Amino acid sequence: MSKQNLLETIANELIKTFAITNPPIPIEIMLQRPKPDMWEEVDITELSVGFLKTGGHFSPRMSLARLLARHIVQSEWGEKRGLRDMLKNDQNEELLRSFARMLIMPAPMVKALSVGARTPVTMSMHFEVPEDDAKIRLSELTDSL
């Protein structure tokens, strides 16, 4: 199984663990209320404005999604699934970013959209993500849509 496919499987498992059935994915709540064997609770009120990249509409949510991805990788839950070994060094930053997109735009939810709704603009509104990230996510899923 490729790293991308394994990450998709793990992202889908996490979404099911949190019983999330519809977008937008509650990234903030996931960070603040982890399940057992996951990360330590994160107080997002303590994050600096500089951390919450303010490059455009919904950019702070993508910053939080990347923070969530990092917490998952470092958690006992993530370690049991091989994430720490897979994403342990800086060379895997793009793979970590891809994992964050999988978390905030889960493949089953993207696939559930009508073909006409699978555009960066519509997905941006639906998942509350920047259009650029929606465009990248669509390209990541091209073969499976």
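The legends below describe close-up views of charged residues in a predicted model. Because the model is predicted, local features need pLDDT of at least 70 and side-chain atom pairs count only at pLDDT 80 or more, whereas totals for chains, interfaces and linings use all residues. Residues are numbered from 1 along each chain as its sequence is written, and side-chain values use heavy atoms, with hydrogens and water left out.

**View 1. R61 and its salt bridge with E28.** The structure holds 12 salt bridges, a salt bridge being a side-chain nitrogen of Lys or Arg within 4 Å of a carboxyl oxygen of Asp or Glu. In the pair R61 and E28, the closest N and O atoms are 3.7 Å apart. This pair links distant parts of the chain, since R61 belongs to helix α3 (residues 59-74) and E28 to helix α2 (residues 27-32), 33 residues apart; helices (H or I, at least four residues) are DSSP runs, numbered from the N terminus. R61 counts as buried, at 10% relative accessibility, while E28 is partly exposed, with a relative accessible area of 24%; buried means under 20% relative accessible area, exposed over 50%, and partly exposed in between (1.4 Å probe, protein chains only).

**View 2. R61 and its salt bridge with E128.** R61 also forms a salt bridge with E128, where the closest N and O atoms are 3.8 Å apart. Because R61 lies in helix α3 and E128 in the loop between α8 (120-127) and α9 (131-141), the pair ties together parts that are 67 residues apart in sequence. E128 is partly exposed, with a relative accessible area of 28%.

View 3. R101 and E94 form a salt bridge whose closest N and O atoms are 3.1 Å apart. R101 counts as buried, at 4% relative accessibility, whereas E94 counts as partly exposed, at 48%. Through salt bridges that share partners, E8, E94, R101, R137 and E140 are joined into one network.

View 4. E40, E41, D43 and E46 form a negative surface patch, for which residues need over 30% relative accessible area and no salt bridge, like charges being joined within 9 Å. Asp and Glu count as negative, and the place of a charge is taken as CG of Asp or CD of Glu. E40 sits in the loop between α2 and α3 and is exposed, with a relative accessible area of 66%.

Note on methods
Helix = DSSP H or I, 4+ residues; strand = E, 2+ residues; numbered from the N terminus. Patch = residues over 30% accessible without salt bridge, like charges linked within 9 Å, V, L, I, M, F, W, Y side chains within 5 Å. Areas by Shrake-Rupley, 256 points an atom, 1.4 Å probe, with all protein chains shown as cover.
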